[in-house]
Each structure stands twice: as structure tokens, then as C-alpha cells.
Amino acid sequence: DFIYTITENPMDEYHMAVEAAQDGFDTVVASGGDSTVSNIADAILTHRPETRFGILPMGNGNDYATGNGIPRSINPAVEVLKRGHTEKRDVIKIGERYAVSLVGFGFDITMSEIHLSNKVLKGQMLYFWSIIQAIFRHRGDFVRVETDSGEVIEGKAMMLNLGNNRISGGGYPTCPKADMTDGKLDVMFIDECGPGTRLHLFQLVQKAKHLEHPLVHYTQAASVTVTSEKPIAYHTEGELFYTEHKELTATVIPGRLDLIVPEPAEPAG
């Protein structure tokens with residue numbers, strides 16, 4: 001048995017999930033894309049973190065579902081929910097917000113703004129178009145990243161990702177070493193560069209070979225502090241936030257989310 005509700009306005013899903021959590025529902029399912037997943041996950045993690053979280057992938061990217069092996073086809077995804085197998089997943093806390101897949105800065109914000117303004121394209125074509133447009137439009141800013149171990153990466157950044165999931169942007173392996181159960185953030189920092197180099201890096205990202213490029217800095221940490229000369233804009237799974245802060249800290253909370261995922265495959269033989 002289940003009760004479903006339909007959103008009509010931005011952030012409806014967040015308030016619906018809060019109400020469900022406060023009413024004691026033991027499972028809340030997000031039917032939508034990564035932004036919907038982000039808002040509903042934030043609601044239950046903030047108000048009733050023991051709530052089981054399920055996903056019916058219905059968006060353009062579905063990165064969090066894909067990263068957890070949840071089928072994109074509706075019937076197999078429903079079967080996963082019916083079986084109800086749950087596993088613990090790490091989450092990211094940034095300010096008062098929870099993220100489950102990725103926190104992005106810089107290039108990601110420009111790309112997301114282009115993505116949200118396009119009402120014609122859909123799916124992978126929309127992501128590809130947004131990336132290509134951002135390659136020529138984005139302007140980098142000075143950013144300093146300090147990890148809990150004291151490691152510092154700083155400079156004029158084209159892009160900064162704090163990844164829990166290895167994929168983002170509609171399936172691109174931007175943080176290829178990320179593991180949602182290792183208690184670590186994957187920090188992927190790319191120095192500012194021109195459009196030609198950006199196009200080359202985009203090709204490398206598609207093959208998960210960008211970590212070999214000299215402009216790419218990559219590390220892992222339990223917590224990082226991001227400092228900028230300007231007020232920081234960031235996104236969680238594509239949900240945009242514009243702050244007045246010039247410093248933000250992101251921290252991993254290990255095993256905080258109970259996520260419904262496919263059951264492990266039976267061992268061969």
C-alpha cells in the first residue's frame with residue numbers, strides 16, 4: 001500500500017517529504033530526476049533520517065539512481081522498491097543542506113543555469129548542449145580548498161566538484177574514484193583554462209582519463225572548507241543555491257542514508 005502526491009510548484013516535493021517523515025512513514029520514494037531526489041533526500045535526512053529512501057528515476061540525468069544500480073525502466077525500478085533491500089549510503093552536509101551525490105561549484109553553476117533555461121532539449125542532448133555552451137561562457141574565479149588533513153588546493157578554478165557519486169552531469173565520470181560507502185569526499189579541482197583546453201578536458205572526462213591532466217587536482221577527505229573571493233554559488237544534484245558566504249564547509253556523514261537498492265547478485269556457481 002502507498003500514498004502518492006504530485007508536485008505543482010518548486011520545492012513542493014521537499015515539503016511533502018517533510019510531512020511524510022513527520023507523519024511517521026517508514027519509506028519515502030522520489031519519482032523524478034536528480035533535483036527531486038536531492039530535495040526529498042534533504043527533507044528526510046533533516047527531519048527523520050531513519051526513513052527508508054527509494055527512487056523511481058524519471059529525470060534527464062538520473063545520476064544518483066544510476067550510480068546505485070537502480071534501473072531507469074519503470075517496471076524493474078518498481079520491483080526494486082517492492083523487494084525493499086536497503087543499504088547504507090554516505091551523505092554530504094554543506095551548511096544546513098544535505099547532498100547525496102555531488103556538490104558542484106564554478107563551471108557546474110554556469111552549466112546548470114544554461115540547462116534550466118533551455119525548454120526545448122531533453123535527456124542527454126540537453127546535458128551535452130549545456131556543457132558545450134558553458135565551455136565558451138564560463139569565467140573562473142579564485143578558490144581555496146583546504147581538507148581536514150591540512151592539504152590545500154588553490155588558484156583560479158574553472159571547476160570544483162565534491163563527489164560522493166562517481167558520475168554527474170548526466171553520466172560523466174567526473175569523480176571516478178568516488179565510493180558512496182568509504183566515508184570520504186572526492187575533491188576534483190580543475191585550473192582555469194581556455195575553451196580549447198576545456199574541450200580536450202571534456203573528452204578526457206568522458207573516458208575517465210582527466211585525472212592524468214596537469215590542470216586537474218584530485219584528492220580525498222572527510223571534510224573540506226571552500227573559500228572564495230566572491231559569495232559562493234553551489235549546487236547539490238543540480239539544485240542551485242546562491243549564498244552570501246565566502247566560505248563553506250562540506251563534511252561526509254558515513255552511512256547516514258538508508259537507500260533502497262537492487263539486491264546483490266548471487267555468487268556464480
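## Close-up views of a predicted model

**View 1. Phe105, Tyr234 and Phe241 make up one aromatic cluster.** This is a predicted model, in which local features need pLDDT of at least 70 and side-chain atom pairs count only at pLDDT 80 or more, while totals for chains, interfaces and linings use all residues. Residues are numbered from 1 along each chain as its sequence is written, and side-chain values use heavy atoms, with hydrogens and water left out. Rings of Phe, Tyr and Trp (its six-membered ring) are paired if their centres lie within 6.5 Å, and planes under 30 degrees apart count as stacked, over 60 as edge-to-face and the rest as tilted.

**View 2. Phenylalanine 105 and tyrosine 234 form a tilted aromatic pair.** A search of the whole structure finds 4 aromatic pairs; in this one the rings are 6.3 Å apart centre to centre, with 40 degrees between the planes. The pair links distant parts of the chain, with phenylalanine 105 in strand E5 (residues 102–106) and tyrosine 234 in strand E11 (residues 233–236), 129 residues apart; helices (H or I, at least four residues) and strands (E, at least two) are DSSP runs, numbered from the N terminus. Phenylalanine 105 counts as buried because its relative accessibility is 6%, and tyrosine 234 counts as buried because its value is 7%; buried means under 20% relative accessible area, exposed over 50% and partly exposed in between (1.4 Å probe, protein chains only).

**View 3. Tyrosine 172 and phenylalanine 202 form a tilted pair.** The ring centres lie 5.4 Å apart and the planes stand at 55 degrees, which is why the pair is tilted. Because tyrosine 172 lies in the loop between strand E7 (152–163) and strand E8 (185–191), and phenylalanine 202 in helix H7 (residues 195–206), the pair ties together parts that are 30 residues apart in sequence. Both tyrosine 172 and phenylalanine 202 are buried.

**View 4. Phe53, Ile55, Tyr64, Val100 and Leu257 touch the most other members of the largest nonpolar core, which has 24 residues.** A nonpolar core is a set of buried Ala, Val, Leu, Ile, Met, Phe, Trp, Tyr and Cys residues joined through side-chain atoms within 4.5 Å. Two or more residues come from each of H1, E1, H2, strand E2 (52–57), helix H3 (63–67) and strand E13 (247–260), and H2 gives the most, with 6 residues.
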